[in-house]
Protein chains: 2
Amino acid sequence: MGNHKFSPQYEDYRTETDRFLESLFLGEPLYSDLYASIRYSLLAGGKRIRPALTLEFADLCGMDWHKALPVACAVELVHTYSLIHDDLPCMDNDELRRGKLTNHKMFGETLAVLAGDALQPEAFRLILSAEDLSAENRADCALILARAAGADGMVAGQVLDTLHHLTSREDITLLHSLKTGAMISAAAEMGCAAAGAGAWMRQAARQYASQVGLAFQIRDDMLDVIGSEKAFGKPIGSDKKEGKLTFVDLLGMEGCGEAIRACTEQAKAAVEPIPNHAFLFRLADYLADRTQ
Amino acid sequence: MGNHKFSPQYEDYRTETDRFLESLFLGEPLYSDLYASIRYSLLAGGKRIRPALTLEFADLCGMDWHKALPVACAVELVHTYSLIHDDLPCMDNDELRRGKLTNHKMFGETLAVLAGDALQPEAFRLILSAEDLSAENRADCALILARAAGADGMVAGQVLDTLHHLTSREDITLLHSLKTGAMISAAAEMGCAAAGAGAWMRQAARQYASQVGLAFQIRDDMLDVIGSEKAFGKPIGSDKKEGKLTFVDLLGMEGCGEAIRACTEQAKAAVEPIPNHAFLFRLADYLADRTQ
């Protein structure tokens, strides 16, 4: 997956996230085909950016970040479900994801729908059975996730992306703030909530993450144009093919670069008052410049 | 929907559940097509048996049952999502549900998948923002729901029902205990958890509900054979058509009647020690004898 080694801390977060996810959906029940389908997508080598945000903000709020792993991994479960369902024939109808067959191409449409369906409650289960969190902090984290994943969050963004033909920069920005921004912001805020942090930190986390998330999406649109199929792991121009308007269409390549710089600056400004913000600065820069 | 008036209390539960559900997904966001699709299925006139169980157990545990409405309605949201997804072309491929077009026939497959996807986190949102419950009781209710709806609960049952060809009474019973029993048991237990009740009540609620749920499923299989298309609201023998083994195949009609009586007796025995068990007895009898 290229160079993620912008920070040893990120490597730690990623390793522990993968280790935790590896421990889920083991065993051989009568319905172990469901487990296989879930594990295929969950362990397909994602960048684990959302969990890293959760863990970093938990750490910044004074919590032992290892105790926030169930919360961080819950975000990754919801993210994975959204990828499985987004790839379905009735959605983007994609055959490849991260260079591998999509879930429904590998396991069939029925099991792909059901794997996604199961991942949602399993995400809440992880949070709500996290032994190292108080009931209040568990309930708080789960509520943040519920709002971000719901009918006025990620799913609303997917509806706009799949079924609406949006044309203004304002509407496209709303689409992405819902489709990807809501979950990225939630991931960051859940780190604060897991640690029982107050309103100021939670607001800073949301602002940082929403700007980083927007920059991430703009970069995604740029990479869709400039990337190679091999490096990016999905067919180039697949969004364009379906007639979806991208930030490149709206702003041009140069304008996208400027927008990403502006988002990154705003993201940094939001967390600059936090003493140990170095990781967040590096993460913002890494995401702004990523080539895959 | 025929005679539900076996109890004025049930009518109260049903009316208040419908009123609460009516208040959700209003407004006109850019993605109001999602709201329309959700409301179409959510307000399609279900019997609201699961919410009634939640509300009755909350009441039996000494709580003002009105305060448990968000928890009760959360169960109905999850139940509704499961019906929408069960009807999809890649699942049972049904065109009619409760005498109306299924969600994907009305709104298309994309929106039907997304309506179901949104209903899950919205269910957790309802519970986790229930103001009249303590954080501990909110977290408790949400965890019960997460387990029942997840990869070792309802979805596992749907995997067995859709993708496996089970032949033994033991396996078919496991299938239904997961597919429908898990959520019915959760509904009852969540009423206890909302009220902060202890282990004995929760265990009694689960035992009652799991027996009632099994009786419900066996009756469903009988009605599939004896019901008329008009009364039952879906094509007769649709399960049989797909080669799924039913309790009628396993036990015969007479054997089904006996099994229902046995389940109903066990359900009653589980709650007999509870002083005001009259409603639960009547509900068990009503479900055992229902004609639709």
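Tutor: Buried means under 20% relative accessible area, exposed over 50%, and partly exposed in between, with a 1.4 Å probe and protein chains only. The model is predicted: local features need pLDDT of at least 70, side-chain atom pairs count only at pLDDT 80 or more, and totals for chains, interfaces and linings use all residues. Residues are numbered from 1 along each chain as written, chains are lettered from A and ligands numbered from 1 in written order, and side-chain values use heavy atoms, without hydrogens and water.

Student: Is Tyr40(A) buried or exposed?

Tutor: The relative accessible area of Tyr40(A) is 15%. Under the 20% cut-off a residue counts as buried. Tyr40(A) is therefore buried.

Student: Which parts does the aromatic pair of Tyr40(A) and Phe107(A) tie together, and how many residues apart are they in sequence?

Tutor: Rings of Phe, Tyr and Trp (its six-membered ring) pair if their centres lie within 6.5 Å; planes under 30 degrees apart count as stacked, over 60 as edge-to-face and the rest as tilted. Tyr40(A) and Phe107(A) are 5.3 Å centre to centre with 70° between the planes, an edge-to-face pair. Helices here are DSSP runs (H or I, at least four residues), numbered from the N terminus. Tyr40(A) lies in α2 of chain A and Phe107(A) in α5 of chain A, so the parts tied together are 67 residues apart.

Student: What is the relative accessibility of Phe107(A)?

Tutor: Phe107(A) counts as partly exposed. Its value is 28%.

Student: How are the planes of Phe57(A) and Tyr208(A) arranged?

Tutor: Both residues, Phe57(A) and Tyr208(A), are buried. Their ring centres are 6.1 Å apart and the planes stand at 65°, so the pair is edge-to-face.

Student: How are α6(B) and α7(B) oriented to each other?

Tutor: Axes are lines fitted to C-alpha atoms over the stretch in contact, with angles from 0 to 180 degrees between N-to-C directions. The axes of α6(B) and α7(B) come within 9 Å and cross at roughly 160°. Angles under 35 degrees count as roughly parallel, over 145 as roughly antiparallel, 65 to 115 as roughly perpendicular and the rest as oblique. α6(B) and α7(B) are therefore roughly antiparallel.

Student: And how are α9(B) and α10(B) oriented to each other?

Tutor: The axes of α9(B) and α10(B) come within 7 Å and cross at roughly 140°. By the angle classes, α9(B) and α10(B) are therefore oblique.

Technical notes
Helix = DSSP H or I, 4+ residues; strand = E, 2+ residues; numbered from the N terminus.
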